Amino acid sequence: MKAHETSYAGYRMRSRLEARWAVAFDELGYDWDFEPEGFRVPLRYRAQWYPRGAFLSYLPDFYIHDRGFWAEVKGRMGAQDSTKTYNGAAALSEAGNDVLVLGEVFRQPRGKSRRPWKLSFKEGDLTATPWPPVEEPVV
C-alpha cells in the first residue's frame, strides 16, 4: 500500500499512519515533536552485508518529551526498514532514550495483535517488550 502524505499540526508527514499516531499522542496529552533530529548510528544488526565500521543515517519519526522516548512508525517493515530501526533503536537506547515501534494498531486483523513494542539496548542486547506494559492480573 502506498503511503499518502498528510499534514497535521503544522507538519508534513509522509503517511496517514504517522498523522494518526500524532493525533493519538495529542489525545493522550503527550508533548511531541515530529522528526526533530537525525542521527548517524553504528551498524550492529545487519539484514544484509555492510562493510565493518559502517554507519547509517537514522531519522526517528517522533520524540515524546513527556516520556523521554523516541517513536518509529512502521506500517510494514522490510529488511532495510528493520536494519535502520534496530540499529537506530540500539544507539538511541544506549544514549538513554528507548524507541517505540508503532504499527497499524488502528485496524487490528482478526485474532492478531499489532501492539507497539519498546526497543531497549542493555548490556549488549537489543530487547523488545510490549508497550504499554501489561500488568499481571491479581489473583
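Q: When do two strands count as paired, and how many bridges join strand β9 to β10?
A: Two strands pair if DSSP finds at least two bridges between them, and strands themselves are DSSP runs of E with at least two residues, just as helices are runs of H or I with at least four, both numbered from the N terminus. In this predicted model, local features need pLDDT of at least 70 and side-chain atom pairs count only at pLDDT 80 or more, while totals for chains, interfaces and linings use all residues. Residues are numbered from 1 along each chain as its sequence is written, and side-chain values use heavy atoms, with hydrogens and water left out. Here β9 (residues 117–122) and β10 are joined by six bridges and run antiparallel, with K122 standing opposite D125 in β10.

Q: In what order do the strands of the open sheet lie, and which stand at the edges?
A: Strands of a sheet pair through backbone hydrogen bonds, either parallel or antiparallel. In this chain, six strands form an open sheet with mixed pairing, in the order β3-β6-β7-β8-β9-β10. Because β3 (32–34) and β10 (125–130) each have a single partner strand, one side of each is left without a neighbour in the sheet, and these two stand at the edges. From one strand to the next, the twist averages 25°.

Q: Which residues of α1 are buried, and what covers them?
A: An α-helix has 3.6 residues a turn, so residues three or four places apart point the same way. Buried means under 20% relative accessible area, exposed over 50%, and partly exposed in between, with a 1.4 Å probe and protein chains only. In α1 the buried residues are L17, E18, A19, W21, A22, A24 and F25, and their cover includes β1 (6–8) and β2 (11–13) as well as β3, β6, β7 and β8. Just after α1, G29 takes a positive phi of about 80°.

Q: What share of the protein chain is buried?
A: Of its 139 residues, 37% count as buried.

Key:
Axes fitted to C-alpha atoms, helices over the stretch in contact; angles between N-to-C directions. Contact = heavy atoms within 4.5 Å.
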